[in-house]
Structure formats: C-alpha cells, structure tokens
Amino acid sequence: MYKVAVIGGGSWGTTLANLIAEEGHEVRLWVREEQVCEEIRTQRINSMFLPGVSLSDRLLPSNDLAEVLDRRDLILMVVPSHVFRDVLERMKGHVSENAIILSATKGIENGTLMLMSDIVADVLHGFPKERFGCLAGPSFAKEVSRHYPTAITVACKDQQKAIRLQEFLYREYFRIYVSQDVVGVQLAGALKNVIAIAAGACDGLGFGHNARAALITRGLAEITRLG
C-alpha cells in the first residue's frame with residue numbers, strides 16, 4: 001500500500017487527501033498557509049478552501065515540506081500550475097528514490113508552455129517518465145468531498161502503475177478510467193477550461209442551448225485534434 005504525501009492544501013488537494021484518508025490510510029498534507037494548517041490539525045476543517053467538510057483524523061497537515069515527503073512513495077502534486085515549478089524546486093533532495101509523482105494540477109506553465117510532466121523532467125533531472133502520472137477530468141472539489149458521483153482519468157506510461165493507482169483511488173462515487181496518454185490527458189485537462197469559459201460567455205449572452213451544445217461539441221473536436 002502507498003505511503004502518501006499530498007502537496008497543496010487548497011480545495012482539490014484537501015479533497016484528494018481526505019478521500020484517501022477516509023479509507024484508513026495515513027496521508028501527509030503540505031499546506032502553505034500556517035492558519036489553514038493549524039485549523040486542519042485542531043478542528044479537522046479547512047474553512048478557507050473547503051468549508052463545510054469534516055476531515056479525517058488520518059489526514060496529517062504540515063507546513064514542513066521535507067517532513068511531508070519523508071519516505072513517501074506516492075506524491076500527489078495539487079498546487080496551481082503557476083507555482084508548480086517553484087514548489088518542485090523546493091522538493092529536490094526530498095523525493096524518495098522509488099516515489100511516483102501523480103499530478104492533479106490542471107494547466108500549462110506560463111511563458112514556457114510546458115506541461116507538468118515537462119516541468120518534472122526539467123527540475124528533477126533523470127526522473128523516470130514511467131513514474132509520473134496525471135489525474136484529470138471534470139471534477140469539482142466540493143462535489144467530490146460530498147461523495148457526489150464523479151468520473152476521472154488517471155494516466156501513466158506504465159500501464160500497470162496506472163491500474164494500481166486506479167485501484168488505490170477508486171471509490172463507489174469516484175470512478176477512475178485508465179490511460180497511457182499522459183500528454184493527451186494533461187492537455188485535455190487544461191484546454192477544457194477554455195471551452196468552459198466560452199460556454200459561460202455563451203450563456204451570459206443568452207445564445208441558448210443549441211449554441212452552447214455546438215460550442216462544446218466543436219471544442220471537443222478541436223481538443224481531440226490537439227491531443
């Protein structure tokens with residue numbers, strides 16, 4: 001069974017950490033904000049990022065990145081894409097030799113246009129591609145934390161690792177599909193946000209359901225070609 005570290009105490013990071021901890025696994029959660037860390041530790045809530053959700057006693061928050069990473073063999077990266085590189089730089093020297101890095105970060109790095117897998121390769125020189133995975137799909141943290149039905153994809157070049165991650169994270173309300181297309185899943189996770197913004201603009205302009213459906217359908221076709 002995995003020894004888990006979750007890097008990022010926002011809504012999605014807290015939700016994923018709690019999802020794992022609810023199954024009885026000890027999960028270390030790195031939280032940047034001291035007040036959030038203390039609130040999780042003493043009150044078992046994260047009112048800033050995930051209000052109204054009680055957190056498992058097996059979820060252990062800390063501001064100490066080295067402590068969180070110590071002897072962890074599954075590291076979930078759940079920080080915003082614009083700070084992904086900076087946090088990864090701070091992690092250098094603390095990532096266990098055989099650890100898997102699973103990115104749940106959506107986005108593309110500003111300036112370089114690198115995916116999160118590219119940043120891992122750039123910062124952690126020599127990190128095996130077979131030990132990098134990504135988790136992406138249509139998922140609101142608030143709904144997952146309340147056990148609403150959700151479907152998501154885990155991708156890893158090593159199919160057996162992807163299947164093992166699927167089995168570890170699967171819940172009745174959290175269905176996970178497996179892929180080996182790491183680049184495609186990362187791109188889809190980032191680019192679907194463009195379509196979501198456009199769909200919102202479409203609704204705001206009062207264009208109706210037909211236009212919204214057409215936009216989503218054509219957007220999906222374009223994302224498929226890019227991936």
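Tutor: Strand S6 gives the most to the lining of the largest cavity, with 3 residues. This is a predicted model, so local features need pLDDT of at least 70 and side-chain atom pairs pLDDT 80 or more, while totals for chains, interfaces and linings use all residues. Residues are numbered from 1 along each chain as its sequence is written, and side-chain values use heavy atoms, without hydrogens or water.

S6 spans 132–136, and helix H8 spans 182–204; each supplies at least two lining residues (DSSP runs numbered from the N terminus: helices H or I of at least four residues, strands E of at least two). The lining includes Cys134, Leu135 and Ala136. Gln186 and Gly189 also line the largest cavity. Ser103, Thr105 and Lys106 complete its lining. By class, the lining has 3 nonpolar, 4 polar and 1 charged residues (Ala, Val, Leu, Ile, Met, Phe, Trp, Tyr, Cys and Pro are nonpolar, Asp, Glu, Lys and Arg charged, the others, Gly among them, polar).

The volume of the largest cavity is about 50 Å³. The search of the whole structure finds 2 cavities of 30 Å³ or more (a cavity is a set of points on a 1 Å grid where a 1.4 Å probe fits but cannot get out, and lining residues have an atom within 4 Å of a point).

Now the second largest cavity. Its volume is about 40 Å³. Helix H1 (11–21) and helix H6 (141–145) each supply at least two residues of its lining. H1 provides the largest share, 3 residues. Thr15, Asn18 and Leu19 are among the lining residues. By class, its lining has 3 nonpolar, 4 polar and 1 charged residues.

The structure holds 12 salt bridges (a side-chain nitrogen of Lys or Arg within 4 Å of a carboxyl oxygen of Asp or Glu). One of them joins Glu38 to Arg41, with the closest N and O atoms 2.8 Å apart. Glu38 and Arg41 are 3 residues apart in helix H2 (residues 34–43), and therefore separated by about one helical turn. Glu33 also forms a salt bridge with Arg32, the closest N and O atoms being 3.1 Å apart. A further group, Glu26, Arg28 and Arg72, is linked in a network of salt bridges.

Conventions
On a 1 Å grid over the protein atoms alone, a cavity is a set of points where a 1.4 Å probe fits but cannot get out, and a pocket is an open set with protein on both sides within 12 Å along at least five of seven lines; lining residues have an atom within 4 Å of a point. Grid points are joined across faces, edges and corners, and a volume is the space filled by probe spheres set on the points.
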